[in-house]
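Here is a short briefing for a first look. Please have the sequence and the model side by side.

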Amino acid sequence: MLSHDRLLDRYSRQIALKVVGVEGQRRLARSSVAVIGCGALGTAVAELLARAGVGRLKLVDRDIVEISNLHRQLLYDERHAIQGAPKALACAEKISEINSEVEVEPVVADVSHRNVLNLISDVDLVIDGTDNFETRFLLNDAALSVGVPWVYGAALETYGVVMPILPGRSACLRDLIPNPPRPGALPTCELVGVLNAAAVTVASLQVASAIKLLLGDEEGAGVATYVDVWRHSLERVRVERSEDCPACVRGRYEFLEGKMSRDVVLCGRNAVQISPARDVALDLEELANRLRRTAEVRETPHVLFVRAEGLELAIFRDGRAIVKGTSDPARARSAYARYVGL
Ligand SMILES: [Zn+2]
């Protein structure tokens, strides 16, 4: 924790804000936030929260940095893309350079019904930096079940939406969108693109919502804000709780019960994520030595890259693999079975 003088110095422009003040700044320093997904939204959110002096940040992401991420995902650079650095680790490293007072906890993992409660139950607030509805509906269930506020956010093309959700006090995600859209039913940013300024604007609104909630201001909870940066338009809509909302009214957490499939087609990326059926800790060095005879292997500190059969597998210590070069789950799973074998 910073001394009083250093706190006044470092955060003077923020403390000068009527809505923050010295007490508010101290409150932020005692706060913790989990950022789920460290892509375009998550990196911008993490950077702003760290600069604002939020005391502890948990940064969760399942993926590695690629060159096509750089146009919109702040904090990453070409070196990360060439290495194939795990996003959670690259993001955490940059955050520590920006503000060494912030306690940063990177987690390289896929958020699933098995680990989500663990990931969010020791923080004051959760921010949605994901790019898919399956995970958002799971976050909604998890946040409601443990009573942690969370801030939904999404950006596409030149527009986006943000909604802070306060368990027990406001409408939830399922009052805005009752069920996850079918895979392929909605455009994705891989297919229709996203303007980096739209993503950063959504992230800014998420951060403002987060700081408000952390400081005890509940005004925006349950209000969906739609923004289009191309048209400079912004619209706020209060979302009402539906009488029979399965999640926030009936307390039925269907997604937390594991309705999601284990294998995820990473839409538009020509890649499939395969997850092991049980918790494992892979010895990547040993696996690399075993595979070297049959495949082209590249070792990095946290990810093992294996090229074979026209596919590239990025294999993580938790047993997951992102199989690039196919969008066919069966083909990806059989390659996984051959090379990882879990
Ligand atoms: Zn609800």
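**An enclosed strand and its surroundings**

Strand S7 (residues 223–228) is largely enclosed by the rest of the structure, because five of its six residues are buried. The model is a predicted one.

**Partners of S7**
- Strand S6 (residues 159–165) is joined to S7 by four bridges, and the two run antiparallel.
- Val162 has Thr225 in S7 as its bridge partner.
- Strand S8 (residues 233–238) also runs antiparallel to S7, with six bridges between them.
- Asp228 stands opposite Ser233 in S8.
- S7 and S8 form a hairpin with four residues between them. In the turn, His232 has a positive phi of about 55°.

**Nonpolar cores**
- The largest nonpolar core has 43 residues. Val33, Leu49, Leu57, Leu59, Cys91, Ile95 and Leu125 touch the most other members.
- Elements giving two or more residues to this core include strand S1 (32–36), helix H4 (40–52), strand S2 (56–61) and helix H11 (196–214).
- Another core, of 37 residues, lies apart from it; Val116, Val123, Leu144 and Val239 are among its members.
- Beyond its neighbours within four places in sequence, Leu57 contacts residues including Val33, Ala46, Leu49 and Ile95.

**A buried lysine**
- Lys87 lies in helix H6 (residues 87–98).
- Lys87 is buried but has no salt bridge. The nearest side chain of opposite charge, Asp63, is 4.8 Å away.
- Not counting residues up to four places away in sequence, Lys87 touches Cys38, Asp61 and Tyr76, among others.

Notes. Residues numbered from 1 in each chain as written. Predicted model: local features only at pLDDT ≥ 70, side-chain atom pairs only at ≥ 80, totals over all residues. Heavy atoms only, no water. Buried < 20%, exposed > 50% of the residue type's maximum accessible area, 1.4 Å probe, protein only. Lys, Arg positive; Asp, Glu negative; His and termini not counted. Salt bridge = Lys/Arg side-chain N within 4 Å of Asp/Glu carboxyl O. Contact = heavy atoms within 4.5 Å. Core = buried A, V, L, I, M, F, W, Y, C linked by side-chain atoms within 4.5 Å. Pairing = 2+ DSSP bridges.
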